[in-house]
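Here's a quick briefing to read alongside the model. Have the sequence and the 3D view open, and we'll go through it topic by topic.

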Amino acid sequence: MLLETLVHDIVIVGGGAAGLRAAIAAAEVSDRLSIALVSKVYPMRSHTVSAEGGAAAAMAADDSTELHAFDTIRGSDWLADQDAVEAFVAEAPDEIVRLEHWGCPWSREPDGTIAVRAFGGMSVNRTVFAADKTGFHLLHTLFQTSLKYEGIVRYDEFFVTRLLVEEGRCSGVAAMDLRDSEVRCIAGKAVILCTGGAGRIFPFTTNGAINTGDGMALAYRAGVPLKDMEFVQYHPTGLPGTGILMTEASRGEGGYLFNNQGRRFLEDYIPSKMELGPRDILSRAIIQEFEKGHGFDGPDGQYVHLDISHLGEETIDEKLFFLRELARNFIGIDPVHEPIPVRPVVHYMMGGVDTDLLGRTRLAGLHAAGETACVSMNGANRLGSNSLTECLVFGARVGRQAAEEALEAAEPSENPLAELAEVEQDRLVQTYLADRDGERIATIRKDLQTAMERGAGVFRTEESLKTAVEEVRGLRERYESVAIDDRDRAFNTELVTALELDNMLDVAEAVVRSGLERRESRGSHTRRDHPDRDDERYLRHSLAFSTPEGAKIDYIDATITQWPPAERTY
Amino acid sequence: METQPVGEVLANSEDRRAGASGKITVTIRIRRFNPELRGQESWWDEFTIDTDPDDRLLDALHQVKWYQDGTLALRRSCAHGVCGSDAMLINGQNRLACKVIVKDVAPKVTVEPIRGLPVLKDLIVDMEPFFAGYEAMLPYLINDEGEPRRERLQSPEERHRFDDTTKCILCAACTTSCPIFWGDDEYVGPAAIVNAHRFIYDSRDRGGRERLQMLGERTGVFRCRTTFNCTEACPRGIEVTKAIQDVKRSILFDRF
């Protein structure tokens, strides 16, 4: 008997900011559309919830979309596609206002308008915020608003394991219901991937346990290239040990970074911006301070001090309340009185599923938005607070686009899809739930994270990346014999973890392969052996294609409109 | 052996554990449940691990799951107290496993699923009844007056009025610590009221009267017996009982 097919018009994978925004946008196009929102966690658990500092949009009187575009392009080290950036900055303010209309509790100026704060790499105050839990409030507002639309049907705690591609078109997903581990066939005329990033391929990250690159791996295996995967953002200020983020808003509000000499060392690196420099430059500066012996020594390696004590308790409690809570709870330090130990920590993937400005991929029917996607508006380095807004702008765009496609397209044929889903169900049972001995998930994953950190950290070399490519290949072989304890059908979270590791291995391979082939330094990708930017060869996006021999790297030109490449100076 | 030169190596918590310095031994007693194994009977398992005293209890549970018993089932996501996934009954109190530091509960800690919702497996409960109560409160901004081109103005004071109840992470720690909720499956519970409060007192919202009417009914706020369990349980420090009292007063005096 064939699996039952759950038929919708649009299937969205992931319930964070991009996925929810896409769902609402599609529902607003037509109330005739049935929109499946499939997520491995309840939507409000998505990683958007952890974003703290804010969302950028040219809202203030002294700001302009041109200036926002220029800051973003300079921040990207000229690799951003400038048409994508132009669309982004133009639509950003309306998205912020829309969220306000939906109830987002933005922090306010005394006159009642939405407040803005300073952020790294932005030349004026343009980051709107809701205290220092902006992502939390934005996510909850989107989730709440999504409840108003009957067309949005949620599949909470369903893990998508495969895209269903029939006659060259992506027409649905195979999704495992975590309650009983049964694979369901969820069909739609358009599929949108919004599964966030893949920070978990590194050991030390701000990313939650769920950020395992699922959507990237799904697309990659279906033949869609991953773009610019070598660009991994280190946030300069995470707590040593846990990697918990100390928001950039702490520096936006006036916080300082000190080395063990008691100096604001950034005057040696970026004196015009100091603590408000872009993240790639600050993260490199901190590592270089460590190499000079100017870091403090701690049980989790070296760190520098983030000091906000001079801001005073009142400002800290009003603007940085959550940061204070985190520091007190997790390291027992009250930043009102003491500096916070911080160090660079993996935070964000600039790269992702290759899409156009409407979120379409090269595979008909398949779309992506948010951190999963690479439009590219972030190029080689994203500016802080651009990503929440990216989820809104490009989430809305892809939602409208998918709606238009779904209204025009023919119904997908159910039977071939159900057969594909059934094949997937058999694969999962035979591969993971059969009795067998093998290696634990945890040891393979730990070795993967170590290999990534060593080979593809803040500073990279030909040698380090080559080694990492070999190590990741070896780990892929070890994964073939992975074994799990849990044979149950109810909430087999170990099976989910095994499938997540499968995804992480694919994403990691794309990162190190792309990094090896880019023999220049640009934005977050810093090669000690190729310290300069090389526009002649590399003003191009990398594309990693999955092949039986591993990732194959190709390139496409970056789109330049109004801002010719220039030296990135601050 | 690694070759030089390579990228820098950052420390991480698993390496730190392996470093053997200053570790402590903790015994974790976990109430287990698995409908496929032992029917409707729950049982206790004990695990002993060596851990960093500053680790989170969630890290310790992960250590059990990754290295001792892969069948242990729990929910988690952000691991720093804002996504709301990992509320558990820890030494008899509802808390988030990611906000409990191991040294504060060592050498022995008891972990159970939160109470009042059906257990599905180990520490995972059925959240659907909880979310049904939340959704019944119309937890979204209601305003049919037409959207202005710009933002609706809201003073910092107006914004402050509902600030406390915007903090709810929907972890269910409050609702599942409420003795009324345990005994009366029609009572919407504190989290639903907190989320109604968040909109009732938002100057932009026009659905307050509708929500107050619902909360004035038998299943609503007057079920509350002011035991303050919810306030004590809230990992975000929301004054839940006060919010419930605000709503009671608004119903009684028809003013909000």
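Of the 570 residues in chain A, 65% count as buried, where buried means 20 or more other C-beta atoms within 10 Å of a residue's own, exposed means 12 or fewer, partly exposed is in between, and C-beta atoms are placed from the backbone. Bear in mind that this is a predicted model: local features need pLDDT of at least 70, side-chain atom pairs count only at pLDDT 80 or more, and totals for chains, interfaces and linings use all residues. Residues are numbered from 1 along each chain as its sequence is written, while chains are lettered from A and ligands numbered from 1 in the order in which they are written.

**Chain A overall**
- Chain A has 15 helices and 24 strands; these are DSSP runs (helices H or I, at least four residues; strands E, at least two), numbered from the N terminus.
- With a radius of gyration of 23 Å, close to the 25 Å the globule rule gives for 570 residues, chain A is as compact as a globular protein of that length; the radius is taken over C-alpha atoms, and the rule is 2.2 Å times the number of residues to the power 0.38.
- The C-alpha trace of chain A spans about 70 × 55 × 50 Å along its principal axes.
- Among contacts in chain A with a separation of 6 or more, 76% join residues 24 or more positions apart (a contact means C-beta atoms, placed from the backbone, within 7 Å).

**The parallel sheet in chain A**
- An open sheet of five strands runs in the order E7-E3-E2-E11-E19 (chain A), with parallel pairing; strands pair if DSSP finds at least two bridges between them.
- E7 (152-156) and E19 (366-368) of chain A sit at the edges with a single partner strand each, so one side of each has no neighbour in the sheet.
- From one strand to the next the twist averages 20° (axes are lines fitted to C-alpha atoms, for helices over the stretch in contact, with angles from 0 to 180 degrees between N-to-C directions).
- E11 (190-193) and E19 of chain A pair in parallel over three bridges, and A:Leu193 is opposite A:Ala368 in E19(A).
- Helix H1 (17-29) of chain A lies across E2, E3, E7 and E11, at about 170° to E3(A).
- Helix H10 (386-408) of chain A lies across E2, E11 and E19, at about 165° to E11(A).

- E8 (158-166) and E9 of chain A pair antiparallel over seven bridges, with A:Val165 opposite A:Cys170 in E9(A).
- Two residues separate E8(A) and E9(A) in their hairpin, and A:Glu167 in the turn has a positive phi of about 50°.
- E9(A) also pairs antiparallel with E10 (182-187) of chain A, over six bridges, and A:Ala174 has A:Cys185 in E10(A) as its bridge partner.
- The hairpin of E9(A) and E10(A) has four residues between the strands, and there A:Ser181 takes a positive phi near 60°.

**Where chain B meets chain A**
- In chain B, 53 residues are in contact with 65 residues of chain A.
- H1(B) gives the most to the side of chain B that touches chain A, with three residues.

Notes:
Two residues are in contact if their C-beta atoms, placed from the backbone, lie within 7 Å.
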